[in-house]
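User: Hello! I am new to this structure and would like to walk through it with you. Could you show it to me?

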Amino acid sequence: MRAVWPAARAAVRRRRLQTLVIWLVTLTSTGAIVVALGLVDSASAPFDRAFAKEHGPHVVAAFDPAKVSDAQLRQAARRSGAEAAAGPFAQAAVDIPADANRELTGAVTIVGRPGPGGPVDRVDLWAGRWADRPGEVVLNRQPDWSADALGKRIRLPSGTVLTIVGYGYEMSRTADAWVAPAQMAALRPTATQMLFRFTDASSQSRLRAELSTVTSELPKDALTASQTYLTLKEQIGATARAYAQYLMAFGFLGVVVAVLIVANVVSGAVISGFRHIGILKALGFTPGQVVAVYLTMVSVPAVVGCALGTLVGNVLARPFLRFVFTGPDAGMLHRSVGIAPWVNAVALLGMPAVCVAAALVPASRAHRLSAARAISAGTAPRAGRALGLQRALAGTRLPRSVSLGAGLPFARPGRSGLTLAAVVLGVATVTFATGLATTMTRFGETGDDYDVTVYAGRVSHGRIVEPEHGDRRLDAMLRALPGASKVTARGDVEALIAGSVQPVMFEGRRGDLPRLGDVLTEGRWNHGSGEVVASSAFLRRHGLRVGDRLVVAKGDRRERVTVVGETMETDGRLLVGDWPTFTALAPGEKPISYHVKLRDGADPAGYARAARALDPGLDPVVNGPNSSVETIIGSATLLTVMLAVVAALGVFNTVVLNTRDRRRDLGMLKSIGMTPRQVTVMTVTSMGVLGVIGSLLGVPLGIAGYDLVMPRMANAVDIVLPSSLTDVWRAGVLTLLALSGLAIAVLGAYLPARGAARLTVAEALHNE
Amino acid sequence: MVTDDSGGETVVRLDGVRKEYGGTTALDGVSLRIRAGEAVAVMGPSGCGKSTLLNMISGLDRPTDGTVVVHGEDVGKLSEKGLALYRRRRIGMIFQFFNLVDDLTALDNVALAAQLTGSPARQARRRALELFEELGIADRRNAYPAVLSGGERQRVAVARALMNRPALLLADEPTGALDSRAGEQVMDLLLDLNQIGQTLILVTHDEHLARRCASRLVLLADGRVAGEHTLEPSA
Ligand SMILES: Nc1ncnc2c1ncn2[C@@H]1O[C@H](COP(=O)(O)OP(=O)(O)O)[C@@H](O)[C@H]1O
Ligand SMILES: [Mg+2]
């Protein structure tokens with residue numbers, strides 16, 4: 001085997017371009033794979049991952065310190081079946097006037113905790129340090145905020161002054177700020193906080209049962225409030241969950257494309273080396289040695305490329321994933337976003353393995369080939385093959401350089417096949433990705449057809465402050481505020497469907513815009529009482545279809561309704577009807593929110609301020625510029641571009657190598673009088689033919705892939721996509737896609753062809 | 001097959017031609033005259049510059065210094081396109097390793113040369129077939145180069161070289177890759193061509209073959225002309 005290394009080294013040196021191409025392709029592909037897998041990893045169950053990472057509390061409970069002592073709580077936690085518990089921590093509610101400071105104002109919950117760690121609710125202390133002494137405070141903030149207030153002081157109404165020494169973050173929002181336990185006495189705590197994790201945290205009822213086991217031996221009424229993580233999950237995960245499927249589709253596509261392109265380039269390298277293989281065999285290399293030479297030749301740049309690609313991928317992935325997971329909810333997931341170790345392991349071990357495997361297939365063919373056949377194999381089309389076509393082309397009125405170029409690809413089906421595969425793959429990928437990105441963008445743009453949501457009822461100090469005004473009065477006041485254009489009230493109530501024990505949410509809507517941005521996938525909107533629209537998931541869960549009738553029951557009241565439409569919603573419990581039906585079912589039930597659409601140009605923040613001033617029980621939230629939509633559009637665009645770059649590079653490289661292989665032929669043609677221009681035209685034509693065929697195959701393939709994957713993907717999360725979202729193909733875009741495939745092939749041929757045309761013939765022939 | 005039968009006219013004139021590749025000097029001041037209808041054999045040890053000399057004449061490469069004039073045209077001054085047209089019209093080349101286009105059949109390889117000058121395919125094929133018949137390879141016309149024997153390939157190459165009735169036929173060790181019998185056949189072919197007036201420059205290692213078909217022998221050594229001999233035409 002001693003001869004293998006020098007031979008491989010010499011071969012690498014003689015094939016600088018090819019080595020560079022393999023290196024470049026493995027580098028970009030591996031980089032793309034790292035980003036793609038990182039995406040798949042982060043997009044799958046983002047909430048669960050982040051929550052598990054910080055050992056988030058399944059239940060946050062507040063106890064009355066007057067009724068139960070810390071020792072009792074500790075004992076109860078130990079005796080219960082809780083998997084882990086943290087606390088007791090003293091908890092105080094402090095009202096800080098808005099003009100006191102900029103960092104911490106309003107109704108604030110402060111908790112005394114000895115440190116950020118512990119068995120439950122691990123705080124990510126992302127700036128500064130923990131509040132170890134009285135007089136210090138750590139604020140609960142998302143890590144994408146700036147920490148520039150470190151060292152500033154906060155004066156509480158009681159006179160206590162706290163210096164900000166750190167910033168921490170946890171998703172469960174168990175406190176707005178933390179201080180050292182010794183500080184708490186001065187803050188006059190009103191509650192004692194306990195944080196629990198349970199082995200079975202699958203449902204609300206399970207969690208309730210677990211909590212009652214904990215409290216069973218405690219004095220009655222000791223538990224004053226509790227909150228489960230399921231509510232949090234519902235809020236936070238919603239956006240990410242809705243887009244996870246698209247992001248994952250992109251990720252998988254990236255992996256598949258990268259692997260195929262690497263395989264393509266690597267096997268191309270081996271095939272174009274057949275003649276060299278024959279020579280090695282003639283020299284006395286054993287078949288095993290020949291395979292070894294080729295594997296070494298291909299593996300060295302590939303492994304280097306993979307290693308560097310992993311590095312590049314990691315560098316790129318961080319800002320990329322942060323960008324993808326930016327937004328009101330997703331920002332909370334920042335910490336869980338990043339490249340998991342398994343992704344790097346897959347990239348570092350998997351990609352070189354793919355390269356070697358891709359090289360092994362043609363190399364093993366070379367292994368079996370006789371030396372004589374190998375010498376001619378690289379260059380010898382079998383007699384008769386493509387003869388008819390060549391003849392037909394030669395007989396046409398096309399300039400000979402064009403007809404010759406058009407016929408060339410058919411003479412070497414092996415190599416042309418690889419080039420064609422690269423083009424088809426590239427065009428199909430970009431087509432698919434474009435469709436996916438378009439749907440994703442449209443999906444993101446649906447909904448949220450209002451500017452400000454005004455919640456009736458505001459949470460303050462762990463208590464709900466009810467509005468002072470009645471429903472109708474609030475509605476009128478909100479309409480009367482400057483800027484308001486349309487107001488829709490929304491209320492919901494838990495109800496049952498006759499014949500089912502699963503509770504459903506019956507939502508009643510009243511006002512100007514009862515659709516609230518929901519997207520109808522089938523049927524029509526409800527026009528009057530007794531008509532409802534339901535989410536696809538709801539209908540599926542209950543085995544219903546548009547047109548079916550059902551009975552909704554609440555207590556002893558029953559309403560007979562007809563499903564007239566199906567909406568694109570992932571909430572499987574949701575049933576939407578009009579206000580009279582809602583109140584018939586639940587008389588006296590009030591709206592939980594008012595959705596306000598503003599006149600063009602009105603300032604949402606100003607409106608929200610005005611709404612807050614109307615009633616202390618109102619909590620207006622500005623929907624703002626829809627940042628999650630921006631995130632989706634941005635990430636879809638980025639991913640499409642990334643895939644397009646990898647695909648384009650794959651096509652380009654294949655074509656460059658293929659053209660490069662023909663250098664000797666080009667020299668020969670020049671020796672019998674072909675002009676440099678003719679040489680260029682011929683080469684570009686030959687690759688252009690492949691580009692055209694590849695595009696013609698690739699575009700429909702990409703569309704077919706989209707048609708196959710898209711509905712299934714939506715189906716998996718119980719969504720039916722309306723045609724307005726899936727009708728993404730425009731003739732203009734498709735033409736552009738097809739042309740881009742052709743353009744890349746032509747460019748990939750043009751550059752080396754021009755180089756070859758410029759070469760003096762003596763050089764071209766001499767090098768052989 | 002003769003384009004110029006004015007016996008004594010000088011077709012090729014080299015004056016002080018030098019060619020350097022990086023550090024190596026392949027030709028070092030070569031001056032040479034070749035008249036129409038002559039058959040000149042160029043001999044010398046390997047690496048002495050024989051192929052380079054042919055490349056200068058055929059315009060496959062340009063001299064570093066000196067002039068190459070063929071049929072009154074200063075080859076070194078032609079543009080790339082001009083060189084291509086020059087090769088098409090005036091030069092036919094035969095190489096040791098045939099240099100056929102692997103992707104084309106034997107006949108199309110030959111027809112290609114004419115098609116480059118603008119001949120319609122049908123006419124080019126007809127002329128190619130004539131040549132194939134003359135050279136005794138008509139039955140191999142639809143075969144690809146890879147399945148032809150060395151002798152057959154070289155005859156295809158000769159046919160291609162003759163396609164445009166070149167003023168000058170250049171052969172670079174045309175028998176170097178052939179066994180002696182196939183080599184003889186190719187030599188006979190060249191001799192026949194010369195006898196009907198084809199000007200021929202032939203690079204060879206084989207003195208016997210040189211004597212058989214050349215009228216003049218040019219000896220090259222280290223890029224210089226080391227001697228010239230007029231040969232008696234052999235019987
Ligand atoms: N394209 C080229 N690039 C670099 N060196 C060359 C090239 N062509 C020929 N040479 C060098 O020029 C010298 C003469 O070569 P050549 O004319 O091929 O010799 P011959 O045909 O007599 O064997 C040799 O040293 C050869 O290495
Ligand atoms: Mg030579």
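Analyst: Happy to. One definition to begin with: helices are DSSP runs of H or I with at least four residues, strands are runs of E with at least two, and both are numbered from the N terminus. Please keep in mind that this is a predicted model.

User: What share of the residues in chain A is buried?
Analyst: A residue counts as buried when its relative accessible area is under 20%. Chain A has 768 residues, and the buried share of them is 54%.

User: Among contacts in chain A between residues at least 6 apart in sequence, what share joins residues at least 24 apart?
Analyst: Here the pairs to consider are contacts in chain A whose residues are at least 6 apart in sequence. Of these, the share with residues at least 24 apart is 81%.

User: How far apart in space are A:Leu420 and A:Leu697, C-alpha to C-alpha?
Analyst: A:Leu420 sits in helix α14 of chain A, residues 413-445. Leaving aside residues up to four places away in sequence, it touches A:Leu690, A:Ile693 and A:Gly694. A:Leu697 is 277 residues from A:Leu420 in sequence, while their C-alpha distance is 9.5 Å.

User: Is A:Asp121 buried or exposed?
Analyst: You will find A:Asp121 in the loop between β3 (106-112) and β4 (124-128) of chain A. Among the residues it touches are A:Glu54, A:His55, A:Arg113 and A:Leu195. Its relative accessibility is 0%, so A:Asp121 counts as buried.

User: Which side chain does a polar contact of 3.1 Å join to that of A:Asp121?
Analyst: The residues touched by A:Asp121 include A:Glu170, A:Ser172 and A:Thr174. The polar contact of 3.1 Å runs between side chains, and the partner of A:Asp121 is A:Thr174.

User: What is the phi of A:His55?
Analyst: Most residues other than glycine have a negative phi. A:His55 lies in the loop between α3 (46-53) and β1 (59-63) of chain A, and it is partly exposed at 26% relative accessible area. Although it is not a glycine, its phi is positive, about 50°.

User: Is A:Arg188 buried or exposed?
Analyst: A:Arg188 belongs to the loop between α5 (184-187) and β9 (191-197) of chain A. It is not a glycine, yet its phi is positive, near 50°. With a relative accessibility of 60%, A:Arg188 is exposed.

User: Turning to chain B, which backbone nitrogen does a side-chain oxygen of B:Ser79 reach?
Analyst: Look at the start of α2(B), a helix that covers residues 80-90. Its buried residues include B:Leu83, B:Ala84 and B:Tyr86. The oxygen of B:Ser79 comes to within 2.9 Å of the backbone nitrogen of B:Gly82.

User: Which backbone oxygen lies 3.3 Å from a polar side-chain atom of B:Asn164?
Analyst: B:Asn164 is in the loop between α5 and β7 (168-172) of chain B. Apart from residues up to four places away in sequence, it touches B:Arg88, B:Arg89, B:Ala113, B:Ala114 and B:Thr117. The backbone oxygen at 3.3 Å is that of B:Arg88.

User: How many nonpolar, polar and charged residues does the contact of α3(B) with α4(B) have?
Analyst: The axes of α3(B), residues 106-116, and α4(B), residues 121-135, come within 8 Å and cross at roughly 120°. That angle makes α3(B) oblique to α4(B). Residues of the contact include B:Leu107 and B:Val110 of α3(B) and B:Leu129 and B:Phe132 of α4(B). By class, there are 10 nonpolar, 1 polar and 2 charged residues.

User: Is the crossing of α4(B) and α5(B) left-handed or right-handed?
Analyst: The axes of α4(B) and α5(B), residues 150-162, come within 10 Å and cross at roughly 135°. This makes the two helices oblique to each other. Their crossing is right-handed.

User: Is α5(B) roughly parallel or roughly antiparallel to α6(B)?
Analyst: The axes of α5(B) and α6(B), residues 180-195, come within 9 Å and cross at roughly 20°. Angles under 35 degrees count as roughly parallel. Therefore α5(B) is, relative to α6(B), roughly parallel.

Conventions: Residues numbered from 1 in each chain as written. Chains lettered and ligands numbered in written order. Predicted model: local features only at pLDDT ≥ 70, side-chain atom pairs only at ≥ 80, totals over all residues. Heavy atoms only, no water. Buried < 20%, exposed > 50% of the residue type's maximum accessible area, 1.4 Å probe, protein only. Polar contact = N/O pair within 3.5 Å; in protein donor to acceptor, adjacent residues only side chain to side chain. Axes fitted to C-alpha atoms, helices over the stretch in contact; angles between N-to-C directions. Parallel < 35°, antiparallel > 145°, perpendicular 65-115°, else oblique. Contact = heavy atoms within 4.5 Å. Nonpolar A, V, L, I, M, F, W, Y, C, P; charged D, E, K, R; others polar. Left-handed = near helix turned anticlockwise from the far one by under 90°.
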